[in-house]
Amino acid sequence: MQRLDTDFKTDMIPADIKETIRGRLLREFSVAPERRTPDLHDRVEELLLDEGCLWPRRMIDTLSRELADDLFGLGPIEALMRDPSISEIMLNGPDNAFVERDGRIQSASITLESEARLIELVRRIISPLNLRLDDTSPMVDARLPDGSRLNAVIPPLCLNGPAVTIRRFRKRPFTVEELVDSGTMTEETARFLEQAVAHRANILVSGGTSSGKTTLLNVLSSFIPRGERLVTIEDAAELQIEHPHVISLESRPPNIEGRGEVTVRDLVRNALRMRPDRIIVGEVRGPEALDMLQAMNTGHPGSLSTAHANSPRDLLYRVETMALMSELNLSQDAVRRQVGSAIDLLVHTERTPSGRRIVSNVVTVACTDKGEYELESMFATNKARSRER
């Protein structure tokens, strides 16, 4: 009978015993999945006694929790998922983990046994979604049941082992008051944007990765009158629209036979037939930009979207490029006039060196007779003003 002293630390649980118990539980639950805990704790205690182990209750509690996470959750990652202060989880292989808190990246003290164990964990997560991760499909992007977004890349594409990134979202979206209180934008900027949305301005939110574009888009959508019908379109669902009349559409990748793909562009075109008052595209990144511009110009004012860009002017040039990626043979001048006519406001977001997200610029857009963009900054930080000049 193996007895563990009550002063043992939780990380001193023998690995061989833990793996034996895990294997037995895995076999049992594959036969009778309805037994997935509440009785897991009692079953772990029974199996330990079968192995000749007499452990203190706190050690059994710890092992039961770890095994529950391992068998039915995200393994060691589950502890990070329970931390509401973490917005991003980054695993660079099985023993090199980082998290983002308050806009700052920090190392995290979690490890997995091997690269194979990490890949197995991801495969189990994505299996119910009819997705695969193997040599023939070494990249995957998936939405978890809690709304988090998982991305994984494995060798041979990733040279230093499997890389897993999980972006997490708040259970409750930010309110405009919270953004003002945190210094993301001023009260004056917030009121201006509220009036712009109410008067059906077409607005694009620009910024770099993790600069707060989606958060701001959620807040802008909260200004939309409750009597309107919204259709949201996303590549991977991230928006948290608090509105009584929302239809949410999400693109679909091709299946393992290469069939069944539904692109964002397909969804934008279909949305036009769904009687929307406004169309909200989570992010434009390809030829769907042309369809979005045409929707804004043909009876759907007040539409909203985001796109990656380093500045408001760069965003306009990028939208041009994306629109020209369509199969239609359009001239750059024609596309530019579409852009200038469709977009009323650009709202640029940035992440400061301290990790804080801010609205750095709000710009109106017009197109001159010569086909040049004319931008006027309505609200801007000193840094943004100097850059636009």
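Predicted model: local features only at pLDDT ≥ 70, side-chain atom pairs only at ≥ 80, totals over all residues.
Helices (H or I, at least four residues) and strands (E, at least two) are DSSP runs, numbered from the N terminus. T209 lies in the loop between strand 9 and helix 8. Residues are numbered from 1 along each chain as its sequence is written, and side-chain values use heavy atoms, with hydrogens and water left out.

Now the overall picture. The chain has 389 residues, and 48% of them count as buried. Buried means under 20% relative accessible area, exposed means over 50%, and partly exposed is in between (1.4 Å probe, protein chains only). The secondary structure comes to 13 helices and 16 strands. The C-alpha trace spans about 90 × 50 × 45 Å along its principal axes. Take the contacts (heavy atoms within 4.5 Å). Among those in the chain with a separation of 6 or more, 55% come from residues 24 or more positions apart.

Eight strands form an open sheet with mixed pairing, in the order 11-10-12-13-9-14-15-16. Two strands pair if DSSP finds at least two bridges between them. Strand 11 (246–250) and strand 16 (373–380) stand at the edges. Each has a single partner strand, so one side of each is left without a neighbour in the sheet. Neighbouring strands of this sheet are turned by 25° against each other on average, direction ignored. Angles run from 0 to 180 degrees between N-to-C directions, and axes are lines fitted to C-alpha atoms, for helices over the stretch in contact.

Follow the strand pairs. Strands of a sheet pair through backbone hydrogen bonds, either parallel or antiparallel. Strand 10 (residues 230–234) and strand 12 are parallel and share four bridges. In this pair, I233 stands opposite V281 of strand 12. Strand 12 is also parallel to strand 13, over two bridges. Here V281 stands opposite S305. Strand 13 (residues 304–308) in turn runs parallel to strand 9 (residues 203–207), joined by five bridges. L204 stands opposite S305 in strand 13.

Helix 8 (residues 213–221) packs on the sheet. This helix touches strand 9, strand 12 (278–281), strand 13, strand 14 (345–351) and strand 15 (357–367). The direction of helix 8 makes about 170° with that of strand 13.

Strand 12 is covered on both faces. R278 and I280 are buried on one side, and I279 and V281 are buried on the other. Strand 12, helix 10 (residues 288–297) and strand 13 make a right-handed β-α-β unit. A crossover is right-handed if, with the strands pointing away from the viewer, the path from the first strand over the helix to the second runs clockwise.

Back to T209. Is T209 buried or exposed? T209 is exposed, because its relative accessible area is 55%. Leaving aside neighbours within four places in sequence, T209 is in contact with R167 and H308. T209 and R351 are 142 residues apart in sequence, yet 8.7 Å apart in space, C-alpha to C-alpha.

Other loops hold backbone exceptions. Most residues other than glycine have a negative phi, and most peptide bonds are trans. R200 has a positive phi of about 65° although it is not a glycine. R200 sits in the loop between helix 7 (187–198) and strand 9. With a relative accessible area of 25%, R200 is partly exposed. R275 also has a positive phi, near 55°. The loop between helix 9 (264–271) and strand 12 holds R275, which is exposed at a relative accessible area of 57%. The peptide bond from P155 to P156 is cis, with omega near 10°. P156 lies in the loop between strand 7 (149–153) and strand 8 (163–167).

Two cysteines deserve a look. C158 is buried, with a relative accessible area of 14%. C367 is partly exposed, at 26%. The structure holds zero disulfides, a disulfide being a pair of cysteine sulfur atoms within 2.5 Å.

Finally, helix 5 (residues 115–126). Its 12 residues reach 17 Å from first C-alpha to last, close to the 16 Å expected at 1.5 Å a residue. That expected span is 1.5 Å times one less than the number of residues. R117, L118, I119, L121, V122, I125 and I126 of helix 5 are buried.
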